[in-house]
Number of protein chains: 2
Amino acid sequence: MQKRMVYFVSDRTGITAETLGHSLLSQFSTISFQFHTFSFIDSIEKSEEFIQLISTSAQSEKHRPIIIASMVNSEIRNKIKQTSSFFIDIFETFLGSLEQELNTPSEKTVGQAHGILNTKEYNDRIEAVNFALAFDDGSKAEHYEQADLILVGVSRSGKTPTCLYLALQYGISAANYPFTPEDLDSVTLPNPLKKFKNKLIGLTIQPERLHQLRQARKPNSTYAELHQCQKEIKTLEAIYQTLHIPYLNSTSLSIEELSSKIIMLSGVHRKNW
Amino acid sequence: MQKRMVYFVSDRTGITAETLGHSLLSQFSTISFQFHTFSFIDSIEKSEEFIQLISTSAQSEKHRPIIIASMVNSEIRNKIKQTSSFFIDIFETFLGSLEQELNTPSEKTVGQAHGILNTKEYNDRIEAVNFALAFDDGSKAEHYEQADLILVGVSRSGKTPTCLYLALQYGISAANYPFTPEDLDSVTLPNPLKKFKNKLIGLTIQPERLHQLRQARKPNSTYAELHQCQKEIKTLEAIYQTLHIPYLNSTSLSIEELSSKIIMLSGVHRKNW
């Protein structure tokens with residue numbers, strides 16, 4: 001198996017370089033990549049240490065290192081580019097043609113993408129995180145009018161991490177409400193949700209997977225029994241279908257995928273820009 | 001002010017396209033961008049609706065739309081590319097040269113980057129979120145041996161959202177412990193932290209900013225008084241300095257920046273790949 005060293009390098013957080021690199025390299029599953037991130041390489045001095053490391057890597061490995069960079073500072077970028085490496089830089093690749101298209105020079109300012117560029121937007125995101133925490137697991141149901149959306153589903157179907165992701169990534173205030181076994185005795189909405197039907201997004205999950213997840217939490221409990229999981233999911237899906245609540249199956253979707261589908265389904269406005 | 005419509009389009013979540021686009025376009029602060037995301041455009045049929053929209057946008061706006069795409073499917077990509085737009089595609093731009101460098105064809109499989117590609121790694125991330133929630137605000141201090149790191153600081157200095165981000169983005173299990181005013185009566189570590197000095201990362205914050213944040217939470221309380229904030233921060237920084245605890249000032253750093261600096265300072269291993 002081909003083994004390759006990959007270096008993400010940035011004069012800021014490196015999140016853009018990592019995200020792009022991860023997307024691209026995940027298309028080569030037969031190669032064994034070893035990833036390293038170097039953030040805040042924002043001076044010639046810091047870049048020299050990095051360059052030294054690259055040159056050591058280039059000498060000791062069979063293949064030259066891969067560098068995926070997001071360097072706004074072209075002086076530092078050019079120094080790194082001279083190393084023996086396969087070099088991709090995001091700004092260098094795209095900024096020229098964007099400047100032409102926009103007929104405007106780029107500002108070449110570091111820290112624009114993941115810093116606190118827009119205080120209002122940033123505060124909204126932090127507020128959304130506080131919201132998701134305060135409105136977790138059925139809390140504060142009497143204040144659901146404040147929620148952008150309410151994620152519903154049975155215990156362990158992925159509601160909490162998804163609400164947190166919606167908050168952190170998109171600044172969306174998402175509450176979550178767990179259907180208890182009692183809530184699932186009939187095909188109706190629990191009382192706290194009745195007034196907010198238009199804010200609901202449902203999650204469902206394969207009963208076998210739910211059983212696994214609950215076993216890990218409370219082994220051999222009634223709560224975790226496969227039969228119990230099947231019963232809950234059956235009524236749950238009947239509720240979604242009868243009441244026309246849009247819903248997603250979380251069994252094989254990541255929180256990123258769930259979040260992005262939830263935004264599409266609910267039509268809520270993102271606040272991350 | 002030049003106004004431009006920007007469309008992120010992907011056959012999956014669109015997170016990579018959004019991240020890249022946001023990084024690039026934040027370098028043009030004099031232009032007013034309007035962003036729209038189209039995720040899961042994974043069939044010719046879905047792409048036709050999108051193309052229709054682009055053509056309407058192209059006709060009604062002064063400037064042609066900007067499309068930032070991450071389309072693994074080249075058939076769909078080529079259809080979108082034919083619209084009247086400024087078109088950037090991440091895969092098209094980089095995959096060719098990467099295939100050459102790696103001497104391996106790419107797999108052109110959708111959903112590799114933000115799906116559940118590696119179940120173990122994905123479960124680690126979800127577990128880290130549960131960890132951050134369970135170990136929030138000084139909880140479960142008796143189990144700190146399980147933490148990758150412990151974020152410390154005074155109330156409202158940004159510990160909780162940062163721990164959640166470390167969990168969601170990097171799969172790092174970060175606990176957080178708030179120094180109470182009593183903890184800050186002397187320049188020593190509170191008891192629960194004494195055995196874990198090597199796991200501590202400190203946060204500090206400008207007293208004026210802390211005062212603002214606390215005023216928003218409990219207006220006109222002793223807790224929020226500027227004098228109280230100054231006193232707490234003074235002892236807090238003395239503790240960090242005397243005991244050689246690495247620390248960061250969160251006043252003007254975003255949670256992304258804090259997280260990425262915390263990883264550098266602590267040297268903890270990320271689990272997101």
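Colleague: How far apart do the C-alpha centres of domain 1 and domain 2 of chain A lie?

Modeller: They lie 39 Å apart. The domain assignment of chain A gives 3–102 for domain 1 and 119–266 for domain 2, with bounds from an automatic or database domain assignment. Before we go on: this is a predicted model, where local features need pLDDT of at least 70, side-chain atom pairs count only at pLDDT 80 or more, and totals for chains, interfaces and linings use all residues. Residues are numbered from 1 along each chain as its sequence is written, and chains are lettered from A and ligands numbered from 1 in the order in which they are written.

Colleague: OK, the interface. How many residues of chain B are in contact with chain A?

Modeller: 55 residues of chain B, in contact with 55 of chain A; contact means C-beta atoms, placed from the backbone, within 7 Å. On the chain B side, α1 (15–25), β4 (86–89), α4 (90–102), α5, α6 and α9 (255–266) each supply at least two residues. Helices (H or I, at least four residues) and strands (E, at least two) are DSSP runs, numbered from the N terminus.

Colleague: And what does that side divide into by class?

Modeller: 26 nonpolar, 23 polar and 6 charged. Here Ala, Val, Leu, Ile, Met, Phe, Trp, Tyr, Cys and Pro count as nonpolar, Asp, Glu, Lys and Arg as charged, and the others, Gly among them, as polar.

Colleague: At what angle do the two α6 helices pack?

Modeller: About 105 degrees, with the axes of α6 (159–170) of chain A and α6 (159–170) of chain B 11 Å apart. Axes are lines fitted to C-alpha atoms, for helices over the stretch in contact, and angles run from 0 to 180 degrees between N-to-C directions. α6(A) and α6(B) are therefore roughly perpendicular, a label for 65 to 115 degrees.

Colleague: Which residues make that contact?

Modeller: A:Leu164, A:Tyr165 and A:Leu168 on one helix, B:Leu164, B:Tyr165 and B:Leu168 on the other.

Colleague: Switching topic: in what order do the 4 strands of the open sheet in chain A run?

Modeller: β6-β5-β7-β8, with parallel pairing; strands pair if DSSP finds at least two bridges between them. β6 (174–179) and β8 stand at the edges with a single partner strand each, so one side of each has no neighbour in the sheet.

Colleague: Last one. Is A:His244 buried or exposed?

Modeller: Exposed, because A:His244 has 8 C-beta neighbours inside 10 Å; 12 or fewer is exposed, 20 or more buried, in between partly exposed, with C-beta atoms placed from the backbone. A:His244 also has a positive phi, near 55 degrees.

Key. Parallel < 35°, antiparallel > 145°, perpendicular 65-115°, else oblique. Contact = placed C-beta atoms within 7 Å.
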